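Hi everyone, thanks for coming. Please have a look at it first.

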Amino acid sequence: MTASKFMAIQQALQPDWFQCLADGEASCEEATSMKRARKSVDRSLLFLDTCLRLQEESEVLQKSTIIGVIEGGDVMEERLRSARETAKRPVGGFLLDGFQGTPTTRETRLHLLSAVTAELPEDKPRLVYQEDFNPLVRGCSCYCCTNHTRAYVHHLLVTNELLAGVLLMMHNFEHYFGFFHSIREALKSDRLAQLKELICRQAS
């Protein structure tokens, strides 16, 4: 996967936000060599710069937000460099990659997380992948949410299983149909203005 191919996919999907392509081979699941951690950070920053440039050149991605990825394995020096350099770029948030495994010690993981987050601006979200056995949306009654977890759907997406798209389509249709049901009910009871106000308030 090249940055150009990755961004071509984003142009086709036109998402509100997306995680930038990154070299996530270095992780906290096992000790990372300095050389491998440095390569991971260098490549991730190169991917980020390329993706930001391609976004700037794309009319359809002007409103999309790129999430920068923090790499560096368990090497503090590289983790901090990754955080500082990524924070200099015009990203909408940060994914702290490589913390989802089992680190050498819990103290090492907490120390790395604390040091990295201290380098990131507080007004932008920070994301950490983890096992999440909740439904996509709590309270949703669709087939996907009542029978599967976020972790399972994530696994399907990562492994390019066709079932991922089917489950997400079922989930999205549930909310799509619910939205239009709300509009029909509002029209029946002459409360369309109140519904519009509620939707605008939730979106702001």
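Predicted model: local features only at pLDDT ≥ 70, side-chain atom pairs only at ≥ 80, totals over all residues.

Residues are numbered from 1 along each chain as its sequence is written, and side-chain values use heavy atoms, with hydrogens and water left out.

So, the overview. The chain has 8 helices and 4 strands; these are DSSP runs, H or I of at least four residues for helices and E of at least two for strands, numbered from the N terminus. Along the sequence they come in the order α-β-α-β-α-β-α-β-α-α-α-α. The C-alpha atoms fill a box of roughly 65 × 40 × 35 Å, taken along the principal axes. There are 204 residues, and 35% of them count as buried. Buried means under 20% relative accessible area, exposed over 50%, and partly exposed in between, with a 1.4 Å probe and protein chains only.

Now find helix α1, residues 3–13. Which of its residues are buried? They are Ala3, Phe6, Met7 and Gln10. Looking down the axis of α1, these buried residues fall within an arc of 90 degrees, so they line one face of the helix. The arc is that of the directions from the helix axis to the C-beta atoms. On the face turned away from that buried side, you'll find the exposed residues Lys5 and Ala12. The buried residues pack against β1 (17–19) and α2 (34–57). Just after α1, Gln14 takes a positive phi of about 50 degrees.

On to helix pairs. Two packed helices are described by the angle between their axes and the distance between the axes. Here, axes are lines fitted to C-alpha atoms, for helices over the stretch in contact, and angles run from 0 to 180 degrees between N-to-C directions. Angles under 35 degrees count as roughly parallel, over 145 as roughly antiparallel, 65 to 115 as roughly perpendicular, and the rest as oblique.

The axes of α1 and α2 come within 10 Å and cross at roughly 45 degrees, and α1 and α2 are therefore oblique to each other.

Next, α2 and α3 pack at an angle of about 10 degrees, with their axes 9 Å apart. That makes α2 roughly parallel to α3. By class, their contact has 5 nonpolar, 2 polar and 6 charged residues. Contact means heavy atoms within 4.5 Å. As for the classes, Ala, Val, Leu, Ile, Met, Phe, Trp, Tyr, Cys and Pro count as nonpolar, Asp, Glu, Lys and Arg as charged, and the others, Gly among them, as polar.

The last pair is α6 (residues 150–158) and α7 (residues 162–188), whose axes come within 7 Å and cross at roughly 135 degrees. That makes α6 oblique to α7. Tyr152, Val153, Leu156 and Leu157 in α6 meet Leu163, Ala164, Leu167 and Leu168 in α7. This contact has 8 nonpolar, no polar and no charged residues.

Finally, zoom in on Thr86, in helix α3 (residues 76–88). Is Thr86 buried or exposed? At 1% relative accessibility, Thr86 counts as buried. Not counting residues up to four places away in sequence, Thr86 touches Leu45, Leu48, Gly68, Val69, Ile70, Val91 and Phe94.
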